[in-house]
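Please find below a short note on the model shown here. The points are grouped by topic and may be read alongside the coordinates.

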Amino acid sequence: MIKTEAIPCYHCGDDCENDSIQLEEKNFCCNGCKSVYEILNQNDLGKFYELESNPGIKKEKQRLGQYKFLDIEEIATPLFDFSEGDTRVIRLFLPSIHCVSCIWLLENLNKINKGIISSQVNFLKKEALISFNVNEISLRELAVLVDKIGYAPKFDAEKKKEVKNKKSYIKLGLTLFCFGNIMLFSFPEYLNPDASFLEFYRAFFAYLIFAFSVPILVYSAQDYLVSAFKAIKTSVVNLDVPITLGILTLYFKSAYDIFSGNGPGYMDSFAGFILFLLIGKWFQDKTYDALSFERDYRSYFPLAITQLVDGKEIVKPVKDVVIGDRLMIKNDEIIPTDAVIIKGNASIDYSFVTGESKLVTKKVGNEIFAGGKQSGNNIEIEVIKTLNQSYLTQLWNQHAFKKEDSKTLENINSKLSHYFIIIVLLIALITGIVWSFIAPEHIFNVLVAVLIVACPCAIALSIPFTFGNALRVAGENKLYLKNADVIEKLGKVTDIVFDKTGTLTFQHESDISFIGNDLNNNQKQLIFSIVRNSSHPLSRTLYKSLKNEIETTKEVENYKEVAGKGIFGEIENQTIYIGSQKWVEAENENSNLSTCIYIKISGKILGFYQIENSYRTGFEKTITTLKKSYRLHLLSGDNESEKTTLLNYFDADLLHFNQQPIDKLNYIKSIKNRTSTIMMIGDGLNDAGALKQSDVGIVISEDVYNFTPACDGILDASMFTKIPKFIQLGKYSLSVLRVSYTISLLYNLVGLSFAVTNQLSPLIAAILMPLSSISVILIATLLVRFYGRKQF
């Protein structure tokens with residue numbers, strides 16, 4: 001038998017079974033390798049293969065065997081954050097994530113394998129939230145794919161932080177040890193030794209210094225070298241490129257001096273540079289971790305949930321929910337954690353999790369997952385998994401709820417940093433050429449000093465630390481913002497649009513009376529049972545007023561809620577409509593023009609509840625303060641009953657009543673075309689579209705809260721009077737950012753002026769570079785924190 005020669009895969013080097021999978025006359029062992037090749041080639045990353053043949057090479061059998069345990073259902077199921085039908089959502093810890101290129105590749109996994117629906121990277125936590133179709137790619141195959149492109153997943157959650165930090169501490173310790181020895185053996189050079197020392201010991205000490213420098217280059221500086229190499233390989237210039245050029249220039253010039261008998265060169269500067277880089281990175285990571293901890297775990301969501309205890313309803317913060325709690329989920333409420341249905345039939349919208357807006361029907365005994373939104377009747381659930389607020393935070397920041405804005409400071413900052421790096425490289429090149437004519441012996445000293453001292457690290461850190469600390473201050477004062485971009489937009493607000501009911505008014509403190517035929521206990525029980533399913537402020541007001549009279553509820557069927565109109569349900573073959581005059585088709589106008597809730601049972605209109613709203617404490621002072629600096633608008637779904645009162649605070653042409661949700665959305669669009677930045681403050685129910693359309697959408701929260709993913713922030717109702725101060729926090733943060741930029745630019749200009757004139761040694765430059773980054777972090781942190789303590 002003639003043995004045919006194996007055909008190697010162009011991407012990974014494994015043997016191909018045949019030549020059936022081809023592209024551009026290249027053979028691939030599988031469609032996965034072919035897809036990786038296509039995505040790299042389509043994005044002008046073809047040099048990837050020029051730099052290393054078979055870059056995806058790994059023993060496929062070994063890789064498959066490594067993740068074989070993921071085929072065991074008992075092991076795989078607990079790893080999923082979501083599992084419904086064919087869709088699975090999992091968070092993979094990927095410690096190899098280290099740069100923007102990693103994020104780009106991982107967030108384009110759906111182009112590599114069609115079974116992957118979406119992928120979102122949390123760079124700080126080195127996690128990827130991946131949604132995939134289990135019928136097209138299994139969890140084991142997903143792990144293999146991610147490993148294959150260079151990001152081996154770790155599944156031991158308890159060791160995530162240990163894995164992340166262990167290497168950094170080892171590198172720091174090793175570098176400190178080697179730096180100390182290099183400085184020790186360099187002392188004789190500093191002391192101007194006599195000829196006998198130069199003859200007998202100089203070379204020996206120089207070789208010892210070189211030996212101690214090798215671990216620093218190979219291990220401690222590894223991250224910077226690899227990052228710069230990958231950036232250049234993909235035709236991208238990142239912050240690590242000038243740093244790496246400085247490192248390599250210092251090292252190889254010093255190595256040349258050592259082996260040519262000219263002393264240790266700049267090895268002390270080289271070791272000091274790496275040491276101070278690592279110290280700066282450690283300090284930066286520590287500060288980031290502190291900000292991340294605040295964001296994820298200290299009451300990030302001020303949501304409350306209805307807990308059932310011995311048949312009684314108790315309002316409880318979601319952060320206090322524990323396994324075994326029995327919760328009641330109302331229409332349009334978000335399910336805070338994984339649970340099992342114990343009463344009622346659920347229709348759940350998982351678009352918050354998967355991005356696909358379709359209802360999933362669940363029955364008693366079925367498991368449901370965090371992030372779903374109930375539609376229809378109340379359901380009762382039992383918690384089976386502790387709440388993970390960082391998961392909810394990540395869901396809130398999904399692409400489906402992001403507002404497209406390419407002009408954010410973060411995006412502009414990234415572009416400026418990119419151009420700044422190119423300018424620094426050009427300055428270094430020109431300076432090197434000039435000094436090659438003036439004094440060639442100083443060219444390496446000047447070149448390295450320029451590359452090190454001009455690194456724009458401080459500029460790049462200004463935004464995350466300024467806005468990160470502002471997020472922290474806002475959170476401590478019960479304004480919980482989605483991300484740092486919201487702080488920037490807060491500082492640019494020109495117009496503020498208010499909803500009325502539940503925003504300017506208390507949701508529960510209202511005077512309510514019934515106008516019409518006297519209601520009997522049975523009718524009140526029907527009304528009570530229907531409004532119990534709704535989270536709307538008016539429904540909650542009516543529910544609270546009836547709660548003292550009615551103790552039991554009846555089973556509701558076919559419950560429905562129409563935004564801006566009302567609610568409907570069937571009880572014991574009776575139809576109940578509760579809502580606006582149009583919703584119940586009432587003929588007579590309400591002459592009092594007050595806020596009304598009409599009641600229609602079995603086709604008969606019984607009358608209406610008249611509600612006299614009670615405005616929030618501090619309403620007058622807050623609105624008066626805001627009006628001095630901003631254009632104030634009011635959009636209300638109610639009639640004009642309180643127009644006279646509100647004219648004292650709003651201009652007549654900016655007051656709008658009888659607004660349906662679509663009217664609010666269109667109004668925001670119209671004023672957005674004329675002004676800079678719109679802030680919308682509502683209750684998150686009938687104004688979800690307007691909240692998303694605005695630049696800054698803030699929801700007022702009381703008691704049980706209907707979470708709206710489209711909003712940018714959640715404000716505890718008790719902090720309503722602090723709205724002017726929160727906007728000022730945004731403005732102040734922009735001022736702090738300008739200070740940070742000024743300090744960073746001055747540092748770079750002054751440092752460059754000394755470096756290009758050969759008045760700055762590489763060692764001093766190596767010390768100054770991380771110190772500038774630390775100074776920016778400290779300035780941003782202290783200024784914002786001090787302002788927060790003073791103002792709130």
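**Notes on the predicted model**

1. Beyond its neighbours within four places in sequence, Ile-247 is in contact with Leu-217, Ala-221, Tyr-224, Leu-225, Phe-270, Phe-273, Ile-274 and Leu-277. The structure discussed here is a predicted model.

2. Ile-247 is one of the residues that touch the most other members of the largest nonpolar core, along with Ile-496, Phe-498 and Phe-650; this core has 100 residues. Helix H27 (residues 723-756) supplies its largest share, eleven residues. Another core, of 26 residues, lies apart from it and includes Ile-90, Leu-94, Leu-109 and Leu-145. As a general point, nonpolar side chains tend to be buried together in soluble globular proteins.

3. An open sheet is formed by four strands in the order S5-S6-S8-S7, with antiparallel pairing. Strand S5 (80-84) and strand S7 (116-122) are at the edges and have a single partner strand each, so one side of each is left without a neighbour in the sheet. On average, and with direction ignored, neighbouring strands of this sheet are turned by 15° against each other.

4. The antiparallel pairing of S7 with strand S8 (residues 127-133) runs over six bridges. Ser-118 has Ser-131, in S8, as its bridge partner. Helix H7 (residues 139-148) packs on the sheet and touches S5, strand S6 (87-93), S7 and S8. The direction of H7 makes about 40° with that of S6.

5. Helix H17 (residues 443-453) packs with helix H28 (residues 762-791) at an angle of about 0°, their axes being 9 Å apart. Angles under 35 degrees count as roughly parallel, and H17 is therefore roughly parallel to H28. On the H17 side the contact is made by Asn-445, Val-448, Ala-449, Ile-452 and Val-453, and on the H28 side by Pro-762, Ala-765, Ala-766 and Met-769. By class, this contact of H17 with H28 comprises eight nonpolar residues, one polar residue and no charged residues.

6. Most residues other than glycine have a negative phi. Glu-572, which is not a glycine, has a positive phi of about 50°; Glu-572 lies in the loop between strand S22 (566-571) and strand S23 (574-579). With 54% relative accessibility, Glu-572 counts as exposed.

7. Asn-758 also is not a glycine and has a positive phi, of about 60°. The loop between H27 and H28 holds Asn-758. At 23% relative accessibility, Asn-758 counts as partly exposed.

Terms used: Residues are numbered from 1 along each chain as its sequence is written. This is a predicted model: local features need pLDDT of at least 70, side-chain atom pairs count only at pLDDT 80 or more; totals for chains, interfaces and linings use all residues. Side-chain values use heavy atoms; hydrogens and water are left out. Axes are lines fitted to C-alpha atoms, for helices over the stretch in contact, and angles run from 0 to 180 degrees between N-to-C directions. Helices (H or I, at least four residues) and strands (E, at least two) are DSSP runs, numbered from the N terminus. Angles under 35 degrees count as roughly parallel, over 145 as roughly antiparallel, 65 to 115 as roughly perpendicular and the rest as oblique. Contact means heavy atoms within 4.5 Å. Ala, Val, Leu, Ile, Met, Phe, Trp, Tyr, Cys and Pro count as nonpolar, Asp, Glu, Lys and Arg as charged, and the others, Gly among them, as polar. A nonpolar core is a set of buried Ala, Val, Leu, Ile, Met, Phe, Trp, Tyr and Cys residues joined through side-chain atoms within 4.5 Å. Buried means under 20% relative accessible area, exposed over 50%, partly exposed in between (1.4 Å probe, protein chains only). Two strands pair if DSSP finds at least two bridges between them.
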